Amino acid sequence: MGLTSALSGCIAPSYYAESLGGHLKIMAARQPVAKLIDDPSTSDPLRARMTSASAIRQFAIDELALPDNKSYRSYVDIGRDYVTLAVFAAPEFSLTPRVWCFPVFGCVPYRGFFSRESATKSAEKLNRQGLDVHITGVTAYSTLGWSSDPLLSTMFRSDETHLAALVFHELAHQRVYVDDDSAFNEAFAVVVERTGVRAWLRATGNAAALRRYEANLKRHAEFLDLLSQTRMELRDLYSGTKTTAQKRAAKSGAIDRLRKRHRQVRDTRWNGYRGYDAWIDAPINNAKLAATAVYNDQVPAFMRLFELCSGDYERFYAAVRSIGALDRADRPGALAADNACN
């Protein structure tokens, strides 16, 4: 997602120069995947990763009807944990994220930075304006087909399932992208990612990995339910008539209750699973809660549409494109009302 904002340039010349420079540096370091596989000097672990990535890329074309282009056919070791950092912001008493608008890519609820120093400075400036701010690391991005996006070392931090999810998600943005509607775009890409990963794991006969993946999705849905409950509490609070001091105290109380509910679910239903501890233990504010909503709130509606299209990706993409052509305000209703793949 980083380049959605990073390669656009209507904020300031320095932002444009730094973002473009960061991207071009990565592009200049690309190595063809096929060459790495064939090169005798390539280490065995790297060759195995490239071989897996190549198979995943071909599966995306053959089975998911995703673009057959030069994206994810090259590799770059970027030597750091994240390729970009995204800065989200929201008012102190609102869950509506701040939006930045750019040419070509439209409006998005974050700004992307290749430099941690620049991301931190931006966050500090927004915080001084009285906004809640959240910085998150990004492991992959899409330029929506404007350049040949490479595989990045950050995409290999976990297992093959995670890699497939990233590739399918980012390629989905190249298949359908609607200007100025991040919630629509991200939910659509998440459905392509999830259905694609399931298909990939079934095709490779990796039943154990599929079971783990389904268990992770179930746990993730339960975690999102916890966050949704807190967002509903906060929306009611912010629309009320309490004083500023009372709202601040109640906001803190709602976040404390979220942490308590998470501990209860973790220690009972999840049998002590601590995968969300870092997220919960770090500061939580409106910007952080809004960021999760952008990526997840419309996923069930898109999944329902995918099922109405009988899992036919070409029909699904056509239906999504048709809904995307509607006015933004009409899209959620159209998704919810659809009873056929059209």
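Visitor: Which residues line the second largest cavity?

Guide: Tyr 72, Ala 140, Tyr 141, Pro 150, Leu 152 and Met 155 line it, a cavity being a set of points on a 1 Å grid over the protein atoms alone where a 1.4 Å probe fits but cannot get out, and lining residues having an atom within 4 Å of a point. This is a predicted model, in which local features need pLDDT of at least 70 and side-chain atom pairs count only at pLDDT 80 or more, while totals for chains, interfaces and linings use all residues. Residues are numbered from 1 along each chain as its sequence is written, and side-chain values use heavy atoms, with hydrogens and water left out.

Visitor: What volume does that second cavity have?

Guide: The second largest cavity has a volume of about 30 Å³, a volume being the space filled by probe spheres set on the grid points.

Visitor: What is Met 155 in contact with?

Guide: Leaving aside neighbours within four places in sequence, Met 155 is in contact (heavy atoms within 4.5 Å) with Tyr 72, Thr 139, Ala 140, Pro 150, His 162, Leu 163, Leu 166 and Val 167.

Visitor: And which residues have the most contacts inside the largest nonpolar core?

Guide: Leu 151, Met 155, Phe 168, Phe 316 and Tyr 317 do, in a core of 85 residues; such a core is a set of buried Ala, Val, Leu, Ile, Met, Phe, Trp, Tyr and Cys residues joined through side-chain atoms within 4.5 Å, where buried means under 20% relative accessible area with a 1.4 Å probe, protein chains only. Helix α7 (residues 182–203) gives the largest share of this core, 10 residues, helices being DSSP runs of H or I with at least four residues and strands runs of E with at least two.

Visitor: Where does Leu 151 sit in the sheet?

Guide: Leu 151 is in β8, opposite Tyr 75, and two bridges join β8 in parallel to strand β2 (residues 74–76), where pairing requires at least two DSSP bridges. The open, mixed sheet has the order β1-β2-β8, and because β1 (31–32) and β8 (151–152) each have a single partner strand, one side of each is left without a neighbour in the sheet.

Visitor: Switching to pockets, which residues lie nearest the centre of the largest one?

Guide: Thr 139, His 162, Leu 166, Glu 193 and His 220 do, among 47 lining residues, a pocket being an open set with protein on both sides within 12 Å along at least five of seven lines. The largest pocket has a volume of about 2,000 Å³, and α8 (207–238) gives the most to its lining, with nine residues.

Methods: Buried means under 20% relative accessible area, exposed over 50%, partly exposed in between (1.4 Å probe, protein chains only).
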